[in-house]
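Work through the exercises below with the sequence and the model at hand. Each task is followed by its solution in steps.

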Amino acid sequence: MSNEQIDRAVAKAKDTDVVEVGRGLLPDSGRVIADGLLRQGKPAMLVADGNTWDAAGAAVERSSREAGADLVEPLIYPAKPTLYAAYERAEEVRDRLRETGSLGVAIGSGTLNDIVKLASGELDQPYAVVGTAASMDGYSGFGAPMTRDGIKITMPCPAPKVVVFDVEVAAGAPTAMAASGYGDLSAKIPAGADWILADAAGVDPIDPLAWELVQSGVREALSRPAELAAGVPDAFEGLCSGLVLSGLAMQVAQGTRPASGAEHYFSHLWELDHLGADQDPPLSHGFKVAIGTLAMTAFYEAFLRRDLSRVDLDAVVDRWPSWEQVAADINATMTGPLIQKGLNETKEKYVDAAGLRVRLGRLRDAWSDIRPRLDQQLMPARELQRMLGEAGAPTRPEDIGLTADDVRQTFPRAMYYRSRYTVLDVARELGWFDEIVTEMFAPGGLWS
Ligand SMILES: [Zn+2]
């Protein structure tokens, strides 16, 4: 089922030509890499750390030699301290690739993949990745989140040409890694709801193939959290495929909309605040996303307790603030460089009163069709909270070093952070935003 979808995704993906996800793939990984990456006769350089070398690198090296691949000396970073996605690391890998005239093969999860991806992108040459943990959906995506000059940005670079992901290796990785991937995959629930709303409002049409690639397997992939925590390989197949499909869907749609909505902005903002950066390993992307996902799922519950079909559009449009008023609020809500970013991003989705009437009119008039789609897409926040807990992912703000009030204060920042239109914007345009956030954190709420 998912392999068939992976084939369809690869056929449409911009950068990726070969994806192998399954059990027991390592002994054949060298042939896959040789056929898919090394056809022009260049040698390969494996890039790993001490952990991923033991988990997969040595086996990939052996298999590559058996497949007749030409290998240069591998670059193996120490297992400790944990490798950071710093630009200097990517430069280091880039220089080694250039000096040796080789193509990069990343052996690892997030950071190692990002470093080799960026290094290869700067040399304008393809690379391969052999995944070692089901920790995030960036394996098969483009772009590399990187710290450069002290700030974290996503640097543009193509996705891998070849992806090999042995499910048994992922099942043997530390349990926190799959819990993180589970958190990242759970985001597809509220993110899909955001896309439904943006599509219905006429802001951001749904790309049917990208939608299907991400959404069709999510429920199943999330259905076995306890078995993931126990390292049962069968349970990893859905998670690994789901994460790979999510990255491929971003290639198909040429953007991140299929895989992320407002829940990811909570994570990005906390990342900019360096939340958990001093832990070793640092607080993972998927753990921050898990709390953002629960926050957005609870927001949706409160949002859907209201009846959009009965909204008084005249009154809503009368109350709609001018751009100057919005800009003043952004200045009061955001801090530092995020003020300018918030102004630029929010301006893109801001409409005047006439535009607001059209946009919200579309949602109101079609609400009897939209509402059941949202109900089908979403799941109760408490159920998702239980599942995240069984997977070993965070379920409360305190689990990632925040208070409920910190999360509450992130809501308006998440709304202003990106131009992407989400339920946060719909609620604000309807005049519901503040009361929904208050309601969520009142007694009886998810985290009160
Ligand atoms: Zn993510």
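The model is predicted, and it contains 13 aromatic pairs.

**Exercise 1.** Classify the ring pair of W320 and Y350 from the distance of the centres and the angle of the planes.

Solution. A pair of aromatic rings is described by the distance of the centres and the angle of the planes. The centres of W320 and Y350 are 5.5 Å apart, and the cut-off for a pair is within 6.5 Å. Their planes meet at 15 degrees, so the pair is stacked, since planes under 30 degrees apart count as such.

**Exercise 2.** Locate W320 and Y350 in the chain, and decide for each: buried or exposed?

Solution. W320 is in the loop between helix 15 (313–319) and helix 16 (323–333), and Y350 is in the loop between helix 17 (337–349) and helix 18 (353–365). The pair therefore ties together parts that are 30 residues apart in sequence. Buried means under 20% relative accessible area. W320, at 11%, is buried. Y350, at 18%, is buried.

**Exercise 3.** Determine how strand 8 (residues 162–166) is covered, and which strands pair with strand 8.

Solution. Strand 1 (residues 18–22) runs parallel to strand 8 and is joined to it by 5 bridges, with V19 opposite V163. Strand 5 (residues 128–131) also runs parallel to strand 8, through 4 bridges, and A128 has V162 as its bridge partner.

Conventions: Residues are numbered from 1 along each chain as its sequence is written. This is a predicted model: local features need pLDDT of at least 70, side-chain atom pairs count only at pLDDT 80 or more; totals for chains, interfaces and linings use all residues. Side-chain values use heavy atoms; hydrogens and water are left out. Rings of Phe, Tyr and Trp (its six-membered ring) pair if their centres lie within 6.5 Å; planes under 30 degrees apart count as stacked, over 60 as edge-to-face and the rest as tilted. Helices (H or I, at least four residues) and strands (E, at least two) are DSSP runs, numbered from the N terminus. Buried means under 20% relative accessible area, exposed over 50%, partly exposed in between (1.4 Å probe, protein chains only). Two strands pair if DSSP finds at least two bridges between them.
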